[in-house]
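Work through the exercises below with the coordinates loaded. Each task is followed by its solution.

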Amino acid sequence: MLAFGVGAGLLFAGCSRATDVNEPKRLEMVERQIVARGVKDPRVLAAMRRIPRHLFVPESEIPHAYEDRPLPIGSGQTISQPYIVAFMTEQLHLTGSETVLEIGTGSGYQTAVLAALAKKVYSIEIRPELAAEATGRLKSLGVTNADVMAADGYRGWPEHAPYDVIILAAAPSHVPEPLVEQLTPGGRLVLPVGGWSQELVVVEKQVDGTARQWSEIGVVFVPMTGEAQGSKSR
């Protein structure tokens, strides 16, 4: 098991400027990697400035936590590049009242960002060891509005549907229809789609149940595993 840099008893709400020696790196990360590339949502920027990314990576990666790149977190998975986390989150148009479904918890960093911006987050991680570690990490940081389940996320989490927004941190070859079905009318699904060549796709569910979708930027994510690998687009 990888050792992560979560300080004992450190609460998410208690990451004070007086004790956070990584704050200057984090603020620089936001200005140079995120604001400079066009992310404007003030709530997203505030969350990225506040949430300690170095607590969501293995101890060996802490010196690189605020660099402009994804980092390995074990089990063949990565924590996404900070800009991509911010850009994808901005596409969700969160106001604070939403119920969110996240597919691909990983180390829990994106989960923490979502939890800071939405009412409730349900997160699914296909690798049980990562789900368990993320659950403990979020709890130790005082995140109380996020639930993590170890499962295949292709069919979502029907028990808590519908969702105002859904976000994926792994790339299926197509947009999973079960996830579109679990959106509220007017809801948004943001996900990477593709194989070797991937695009960040936004799907917006219309009031009549149809879906409008478009591509935003090119991205590179790990492939979505499990049922997604054997399913076909409709």
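**Exercise 1: charges**

Task: find how far apart the mean positions of the positive and negative charges of the chain are.

Solution. Count Lys and Arg as positive and Asp and Glu as negative, leaving out His and the chain ends. Place each charge at NZ of Lys, CZ of Arg, CG of Asp or CD of Glu. The mean positions of the 22 positive and 26 negative charges then lie 3 Å apart.

The model is predicted: local features need pLDDT of at least 70, side-chain atom pairs count only at pLDDT 80 or more, and totals for chains, interfaces and linings use all residues. Numbering runs from 1 along each chain as its sequence is written, and side-chain values use heavy atoms, without hydrogens and water.

**Exercise 2: burial**

Task: state what percentage of the 234 residues is buried.

Solution. Take buried as under 20% relative accessible area (1.4 Å probe, protein chains only). Buried residues account for 53% of the 234.

**Exercise 3: nonpolar cores**

Task: which residues of the largest nonpolar core touch the most other members?

Solution. Join buried Ala, Val, Leu, Ile, Met, Phe, Trp, Tyr and Cys residues through side-chain atoms within 4.5 Å. The largest core has 47 residues, and I34, V39, M48, F56, L94, Y109 and V113 touch the most other members. A second, separate core has 21 residues, including L101, I103, I166 and L179.

Task: which residues does I34 contact, leaving aside neighbours within four places in sequence?

Solution. With contact meaning heavy atoms within 4.5 Å, the partners of I34 are M29, V39, L45, M48, P82, Y83 and A86.

**Exercise 4: extent**

Task: what does the C-alpha trace span along its principal axes?

Solution. The span is about 50 × 35 × 35 Å.

Terms used. Buried < 20%, exposed > 50% of the residue type's maximum accessible area, 1.4 Å probe, protein only.
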